[in-house]
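Subject: Handover of a structure

Dear colleague,

Please find below the structure that I am handing over to you.

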Amino acid sequence: MATMTSLIGLINKIQRACTVLGDHGGEGMSLWEALPSVAVVGGQSSGKSSVLESVVGRDFLPRGSGIVTRRPLVLQLHKTEDGQEYAEFLHLPRKRFTDFAAVRKEIADETDRITGKTKQISNIPIQLSIYSPHVVNLTLIDLPGLTKVAVEGQPDTIVQDIENMVRSYVEKPNCIILAISPANQDIATSDAIKIAREVDPSGERTFGVVTKLDLMDKGTNAVDVLEGRQYRLQHPWVGIVNRSQADINRNVDMIAARRKEREYFETSPEYGHLAHKMGSEYLAKLLSQHLEQVIRQKIPSIIALINKTIDELNAELDRIGRPIAVDSGAQLYTILEMCRAFDKVFKEHLDGGRPGGDRIYGVFDNQLPAALKKLPFDRHLALKNVQRVVTEADGYQPHLIAPEQGYRRLIEGSIGYFKGPAEASVDAVHFVLKELVRKSISETEELKRFPTLANDIATASNEALERFREESRKTVIRLVDMESSYLTVEFFRKIHLEGERGPNAPNSNRNDKNDRSERNAPNPAIDNPDYHLRKIGSNVNAYINMVCDSLKNSIPKAVVYCQVREAKRSLLNHFYVQVGKKEKEKLGAMLDEDPSLMEKRNQLAKRLELYKQARDDIDSVAWKS
């Protein structure tokens, strides 16, 4: 099995990496929260700082009256084998401290940097790593001391604010609670024990520490507490004798203080029988052993969490897109892939897989027929206009039988009205296609990371649609002009033959009497001089209706062929040609991403690498024989 040193040291390394990446939470449990750690909890002036300094063997924490710890201090202890002793802060990654008085000053300065030179608190932790041959591998979190009243310069909410901060750490199921209580106070009133009892009623996660045993009133002792009779925990209570103020003033080093502490317990008549389980050195070893045991128990759940998070990070990276290679071939491939993704969405809109394509059919089924019905044929074929057109077409010599030139001019003038609805249909379909391009770009997930490329594709698509519109406009105008350039002769021949078979046509089977009666019947063409003009207007109107029915079918076909079909087939063909000619720098500019998206991907990639490395390290260390 792995040694305690390597396993706890690995957890320290992972926790440090989590802090660097800000991997402290979010939705669900973070890796930081899943890793066991020890939170130091106690009231103000309970001796928390002295306990930590005894465990470290160095005098490195700020001191003073009132609230001194105003930010959580994540203290990672690393045992060294080469005798080196130094400290490093996460916010000063390339600076190594060998003077621990400078460490104390940096903690105070870094606290003030966030909270100001006030008595405010902040939940932003300070990360400190200490490397020393005098420590065991351990992670301790020093929290602000619990208090009962706000002093001058503190907000009225300070009591609740500190308690909420402490709870945010100790409520986590993987947090080991180091509850510090001074021996010269009743354990029943201990702030640390009170909050530990609430979050850990069974006492499975709580280690009780009694400080200031040497300051108890004469004739009193804390044996009942240390032996678990006054308040029972699952783990043994540990007594600590801190340095006296006189020792601190004389700068007595911590190694000498540890020796003095051992002598106190060994020679004490009250605690002599417990001496082997007392003192800061024993406490450090006890916590380290327990932490190693907890880590082993939690390894399966930690690995499960790591694997789950790796899957989630990979899925998120796939969603926002992986990093793009720098060579021009890979860049061109990426651009073409983005174009194909857009083209797929665009075709789905046209073919009915997504909404929008049905609006094109609406142009042909509603808008075009409605426009055709509104054409002013009644005015154009009114009696006076027919007479004017026919008269002008005859010139100085009136027609003899039928006013053919008048017919032609009336028909050509009527057919010309069809150009308006034809061009309107082209424009309406064009605007639908432009809107579908806009929607398709916004719905193409792959393009969201490349705003410049999305804009280039939109520009190229709209330029192509303009070319298709112009070709479609020319085609529908040709359809209308073709109707004017060659009239359907059979239509008028049929009208002429029907006229000859009218009631006044000669019939050899009729008898003379009937023939005489018919010849005496009134003739509208003779009796009403406007009859032939109305007949001309009626004939032209019938022909125009036939042309209208024809164009109502042919215009949609032309529009679909020239615009919709081409949009599906070759919307980006010209763009592909242009992209293929671009140099590497210009291709890279097209793939210029949103800076916030690039930063998000970088953070995800770093977290993914952290989790993969953590999984490999835990696998290699935890099960090493």
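A residue is called buried when its relative accessible area is under 20%, exposed when it is over 50%, and partly exposed in between (1.4 Å probe, protein chains only). By this definition, Phe377 and Phe418 are both buried.

Please note that this is a predicted model, in which local features need pLDDT of at least 70, side-chain atom pairs count only at pLDDT 80 or more, and totals for chains, interfaces and linings use all residues. Residues are numbered from 1 along each chain as its sequence is written, and side-chain values use heavy atoms, with hydrogens and water left out.

Helix 9

Helices (H or I, at least four residues) and strands (E, at least two) are DSSP runs, numbered from the N terminus. Helix 9 covers residues 254-267, which makes 14 residues. From first C-alpha to last it reaches 20 Å, close to the 20 Å expected at 1.5 Å a residue (the expected span is 1.5 Å times one less than the number of residues). Its buried residues are Met254, Ala257, Arg258, Glu261 and Phe265. Seen down the axis of helix 9, they fall within an arc of 105°, so they line one face of the helix (the arc is that of the directions from the helix axis to the C-beta atoms). The face turned away from this buried side carries the exposed residues Glu266 and Thr267.

The sheet

Two strands pair if DSSP finds at least two bridges between them. Nine strands form an open sheet in the order 4-3-5-2-6-1-7-8-9, with mixed pairing. Its edge strands, each pairing on one side only, are strand 4 (92-97) and strand 9. Strand 2 (residues 73-79) and strand 6 (residues 138-142) run antiparallel and are joined by five bridges. Leu75 has Leu140 in strand 6 as its bridge partner.

Aromatic rings

Rings of Phe, Tyr and Trp (its six-membered ring) pair if their centres lie within 6.5 Å; planes under 30 degrees apart count as stacked, over 60 as edge-to-face and the rest as tilted. The structure holds nine aromatic pairs. In one of them, the ring centres of Tyr264 and Tyr271 are 6.5 Å apart and the planes stand at 35°, so the pair is tilted. Tyr264 is partly exposed, at 25% relative accessible area, whereas Tyr271 is buried, at 2%. Phe377 and Phe418 also form a tilted pair, with 5.5 Å from centre to centre and 55° between the planes.

Yours sincerely
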